[in-house]
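Dear colleague,

Please find the structure below, together with its sequence. My notes on what was found in it follow directly after.

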Amino acid sequence: MIHVVCFGNLWQGDDGFGIRVFQRLAGLRDWPPCAKVFEAGTAGLAALNYFEACSKVVIVDALKTGASPGCVLRLTRDEIEAHDEAFSLHQLGVNHLLAAMTGAFAGDVPEVVVIGAEAGEIHPFTDRLCPALEAAIDPAVNLIVRECRDWDERCCQDLFFKVGETLEEH
């Protein structure tokens with residue numbers, strides 16, 4: 001199972017990026033059966049529940065990496081843990097969540113990928129994204145769908161190989 005966990009605050013301008021992506025993903029008809037999508041809001045460490053009972057997690061959020069606003073990024077766990085920056089607009093950033101996940105799951109941590117877009121300035125009390133982030137929604141959705149389908153196909157191939165291998169052994 002793969003979980004797509006979307007973070008953000010719809011009423012904080014560009015911080016609503018993850019929620020907008022969630023809304024778009026929730027409306028898709030052709031979604032891989034092994035994937036579940038969650039709206040996590042600004043859950044912080046309470047989001048650890050979304051990381052249970054899955055082999056892979058795709059975190060979706062507005063990011064602060066220093067890239068140009070609207071730039072869509074795919075970061076692996078190693079790329080995030082190698083930096084001290086939070087990469088997130090929340091007080092407890094993605095790297096803090098990953099550190100807590102390591103402790104909470106005692107070594108049985110799912111594979112983690114972060115897909116997000118570089119945020120511009122945050123404007124409180126508005127539900128509008130800057131034009132660059134609005135334009136980044138579709139590319140991010142396409143990247144997430146591809147991530148889920150590639151993982152689904154890889155798991156199916158692994159399962160088929162294991163079943164075939166087991167039959168040959170007996």
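**Cysteines, fold and surface**

Cys54 counts as buried, at 14% relative accessibility, where buried means a relative accessible area under 20%, exposed means over 50%, and partly exposed lies in between, with a 1.4 Å probe and protein chains only. Cys71, by comparison, is partly exposed, its relative accessible area being 29%. A search of the whole structure finds 0 disulfides, a disulfide being a pair of cysteine sulfur atoms within 2.5 Å.

Please bear in mind that this is a predicted model, in which local features need pLDDT of at least 70 and side-chain atom pairs count only at pLDDT 80 or more, while totals for chains, interfaces and linings use all residues. Residues are numbered from 1 along each chain as its sequence is written, and side-chain values use heavy atoms, with hydrogens and water left out.

The chain holds 4 helices and 5 strands, which follow one another from the N terminus as β-α-β-β-β-α-α-β-α; these are DSSP runs numbered from the N terminus, with helices (H or I) of at least four residues and strands (E) of at least two. Of its 170 residues, 44% count as buried. Among contacts (heavy atoms within 4.5 Å) with a separation of 6 or more, 79% come from residues 24 or more positions apart. The chain exposes about 9,100 Å², of which carbon and sulfur atoms supply 52%, by the Shrake-Rupley method with a 1.4 Å probe.

Finally, Ala135 lies in helix α4, residues 131–169, and counts as exposed at 55% relative accessibility. Ala135 and Val72 are 63 residues apart in sequence, with their C-alpha atoms 9.9 Å apart in space.

With kind regards
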